[in-house]
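My entries follow in the order in which I worked.

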Amino acid sequence: MNHVIIGVDPHKLSATIEVVDRHEKLLGSDRFATDQAGYSAMRTYVKNWPDRLWAIEGSNGAGRSLAQRLLEAGEHVVDVPAKLAARVRLFDTGHNRKTDARDAHSIAIVAVRTTTLRVLRRDGELEALRMLCDRREELTRLRVQTVNRLHRLLAELVPGHAKKDLTALQAKAILATVRPRDIAGKTRRRIAAEELADLVAVEAKMKKATAELKVLVKARGSRLMDLHGVGPVVAARTLADVGDIARFADRNRFASWTGTAPLDASSGEQNRHRLSRAGNRRMNHMIHIAAISQIRIDTPGRVYYRRKLAAGKTPLEALRCLKRRISDAFYRQLLADADQAAQSNASEPVGTGPGGHCGASQESSAVDLPPRIDTSDQPLPGPANQTLRPRPPARKKSLETAG
């Protein structure tokens, strides 16, 4: 009867909270700083409600620090998507005006009315995996910026000879042929040499981060890297963003979350679907990398892609079909890994997989029959009769350096 929900609107320097009961009755609200003194004051404030649940918006963003501190303190925390909170705020007041207090209220109401929110758990390995993924993405962006600057300088030093896809070795070879005599040319060459050194250093850091990700992925017992086009970076980002695969009821919900399920745009007698721009765009990019890798090499995925082209689909439509099948493959493999982890735990026997799925196969398919549903989560039409099985380890190849 004393169970309460604490909605939290987090920011870098402050956090606004609102406490409500199961009947959405306001019990208290306040604003606290995010430093140690403010955190201690907030914990003291909520001691009046020992049976409490924290609902934090953006637990993978601005609220990550607070969520981790609460988990370490043994608190129960759920993640509230920003879209759900915005929807409640809009319907609750009739307009979409934002204040910290309104945001905290909307977050608390979402937690009261929604029973399927993601429950956060302490997982040091997963947190380390997430940090390394973010670090490598930052290094990738830094590499692109460095290459762009280097390309511009080389184009000025040697007009018409700088390649579009520039590597460190190619830049070094081009730079070795340049011996300017004027002060502007010498300065330009010196800056280009510094940019080249930065590029070599960034690529070394990227290689080290990729190796660390590979070790962590294998340590978690994941077999995602057995799939074609999936390397350490794609597998690590998938594990970090998915967390607990049991939070997805089926592969259609998972595809909707990854943005690979088309949206229903039917009207009257016309039955059509359009591209989804929603979902987790980072996961959509990871699936895109795997799809491009499968198309470029001899895989069943390329056979499926060409069959879609022969059926009259455009290259983009065929690519979207393949990405949906790869999303299904990811889901099946994550289920299989979760089943394997549960079975290795001798404390509790496992009869079904996460989410109640029985008999999850240890082999994942990226070319499978479409599910028989009639919601906007359904895949693009067209049956497939060939199964994409995990690749042999010796043929491992991916395009993760591009993402």
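Predicted model: local features only at pLDDT ≥ 70, side-chain atom pairs only at ≥ 80, totals over all residues.

Residues are numbered from 1 along each chain as its sequence is written, and side-chain values use heavy atoms, with hydrogens and water left out.

Entry on the second largest pocket. I found 32 lining residues, with Asp123, Leu126, Arg220, Gly243 and Asp244 nearest the centre. Two or more residues each come from helix H2 (64–72), strand E6 (118–119), helix H5 (124–157) and helix H12 (315–344); helices (H or I, at least four residues) and strands (E, at least two) are DSSP runs numbered from the N terminus. H12 contributes the most to this lining, 5 residues. I sorted the lining into 14 nonpolar, 6 polar and 12 charged residues, where Ala, Val, Leu, Ile, Met, Phe, Trp, Tyr, Cys and Pro count as nonpolar, Asp, Glu, Lys and Arg as charged, and the others, Gly among them, as polar. The volume is about 940 Å³, taken as the space filled by probe spheres set on grid points that are joined across faces, edges and corners.

Entry on the largest pocket. I noted about 1300 Å³ of space here. Of its 35 lining residues, Pro81, Leu84, Arg247, Phe248 and Trp257 lie nearest the centre. Strand E5 (77–80), helix H3 (82–93) and helix H9 (251–258) are the elements that give two or more residues to this lining. The lining divides into 13 nonpolar, 12 polar and 10 charged residues.

Entry on the whole chain. I counted 12 helices and 8 strands. Of 403 residues, 44% are buried, that is, under 20% relative accessible area with a 1.4 Å probe, protein chains only. Among contacts (heavy atoms within 4.5 Å) with a separation of 6 or more, 61% join residues 24 or more positions apart.

Entry on cysteines. I searched the whole structure for disulfides and found 0, the criterion being a pair of cysteine sulfur atoms within 2.5 Å. Cys133 is buried, at 4% relative accessible area, and Cys321 is buried too, at 0%.

Conventions: Buried < 20%, exposed > 50% of the residue type's maximum accessible area, 1.4 Å probe, protein only. 1 Å grid on protein atoms, 1.4 Å probe; cavity = no way out; pocket = protein on both sides within 12 Å on 5 of 7 lines; lining within 4 Å.
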